[in-house]
Amino acid sequence: YRLQFNFRYQGAGTIGSAFTAVNPNLIEPQLLLQQIEENPIQWRIGISYLNGSDAGGSTSSILPIVGLRMHLSHSLEVGAEFEPKHKLIGLRELLATNLFYSPLVVSVTMSQDSLFRGDTRRIVSEPIHISAFANYFLSVADELHAELRYIERKNEPVFAEHADTKGHVIFDATPENTRRLEFEAGGSSLLFVKDKLTTSLLFRSASVKGKETAIAFEPNLEIHANYEFAGLSEQFISSIEFTHLPRSKRSLTFDHLNPGYLARHRLQLT
């Protein structure tokens with residue numbers, strides 16, 4: 001058995017305007033007891049404490065952590081977990097979701113009673129995060145996996161778009177309670193002795209609790225594929241990555257090329 005203690009701190013500065021004088025921050029200590037022996041069944045139990053403050057006020061909660069993993073055979077394992085994953089949503093995360101978000105522009109269009117919405121950085125807590133998974137190992141390099149997740153979140157910033165008096169589109173975010181149902185499947189395989197193909201497919205249904213409206217900027221499907229070239233040469237190790245993100249109004253597709261050259265034993269250029 002192993003007793004483990006984790007401690008996490010996140011903080012953010014002010015945006016710079018008078019009504020955003022709050023410095024969002026959170027602390028999250030965890031205490032876990034784990035069984036680490038190679039038995040057919042492995043488990044871990046623990047407790048997580050969350051405390052912090054943001055523009056909406058203070059937040060605190062105590063939640064359990066439970067994990068169970070069972071080896072049905074040498075190649076197949078299944079398991080289930082209850083492990084909330086809290087996080088602080090700052091400007092970096094907001095802009096990663098919507099590049100055209102501008103909190104200062106949004107605040108000008110709001111009344112004095114609604115100025116607190118101008119700072120939408122929030123501590124997003126997860127009262128429920130349940131997952132069930134299965135992993136199948138054909139070999140050390142070849143594997144298949146699948147996971148089903150149900151997640152409920154509190155105070156998650158959800159984007160919406162509005163038009164101002166001049167017809168300009170303004171994006172703002174409102175903290176909402178949300179729920180998600182996700183199914184992810186994927187795998188990796190060794191091809192042509194050294195080349196490696198990794199793929200994943202994620203289906204997601206995300207909505208706002210109480211309103212039952214879909215989250216507009218949340219991809220309902222994510223497709224990833226990565227092919228690593230390692231068999232052509234010992235020095236040239238490159239990869240090609242494909243990502244497709246369908247959303248309700250506009251889909252995004254990314255193609256990445258990552259060439260690499262192993263110049264020396266300890267020097268690689270990319």
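In which sense do strand β9 and strand β10 pair, and over how many bridges?

Mentor: This is a predicted model, and what follows should be read as such. Strand β9 covers residues 169-191 and strand β10 covers residues 195-208; the two pair in the antiparallel sense, over 14 bridges. One of the facing pairs is S189 with L197, the latter in β10. Between the two strands lie 3 residues, and together β9 and β10 form a hairpin. The turn includes F192, whose phi is positive at about 50°.

Strand β12, residues 221-229, runs antiparallel to β10 and is joined to it by 8 bridges. Here K196 stands opposite E228, a residue of β12. Strand β11, residues 213-214, also pairs with β10 in the antiparallel sense, over 2 bridges. In that pairing S207 has A214 of β11 as its bridge partner. β10 and β11 form a hairpin as well, with 4 residues between them. In its turn, G210 has a positive phi of about 90°.

As for the setting, the chain contains 16 strands and 2 helices. Its C-alpha trace spans about 65 × 45 × 40 Å along the principal axes. Among contacts with a separation of 6 or more, 52% are between residues 24 or more positions apart. Of the 270 residues, 34% count as buried. The chain exposes about 16,100 Å², and 60% of that area comes from carbon and sulfur atoms. Its side chains include 26 positive and 30 negative ones, and the centres of these two sets are 4 Å apart.

S48 belongs to strand β3, which covers residues 41-54. S48 counts as buried because its relative accessibility is 4%, and the cut-off for buried is under 20%. Leaving aside residues up to four places away in sequence, S48 touches E28, P29, Q30, S61, I62, L63, I65 and H86. With E28 there is also a polar contact, side chain to side chain, at 2.9 Å.

How values were computed:
Residues are numbered from 1 along each chain as its sequence is written. This is a predicted model: local features need pLDDT of at least 70, side-chain atom pairs count only at pLDDT 80 or more; totals for chains, interfaces and linings use all residues. Side-chain values use heavy atoms; hydrogens and water are left out. Buried means under 20% relative accessible area, exposed over 50%, partly exposed in between (1.4 Å probe, protein chains only). Contact means heavy atoms within 4.5 Å. Accessible areas come from the Shrake-Rupley method with a 1.4 Å probe; for residues, only the protein chains shown count as cover. Lys and Arg count as positive and Asp and Glu as negative; His and the chain ends are not counted. The place of a charge is taken as NZ of Lys, CZ of Arg, CG of Asp or CD of Glu. Two strands pair if DSSP finds at least two bridges between them. A polar contact is a pair of N or O atoms within 3.5 Å; within protein, one must be able to donate a hydrogen and the other to accept it, and residues adjacent in sequence count only if both atoms are side-chain atoms.
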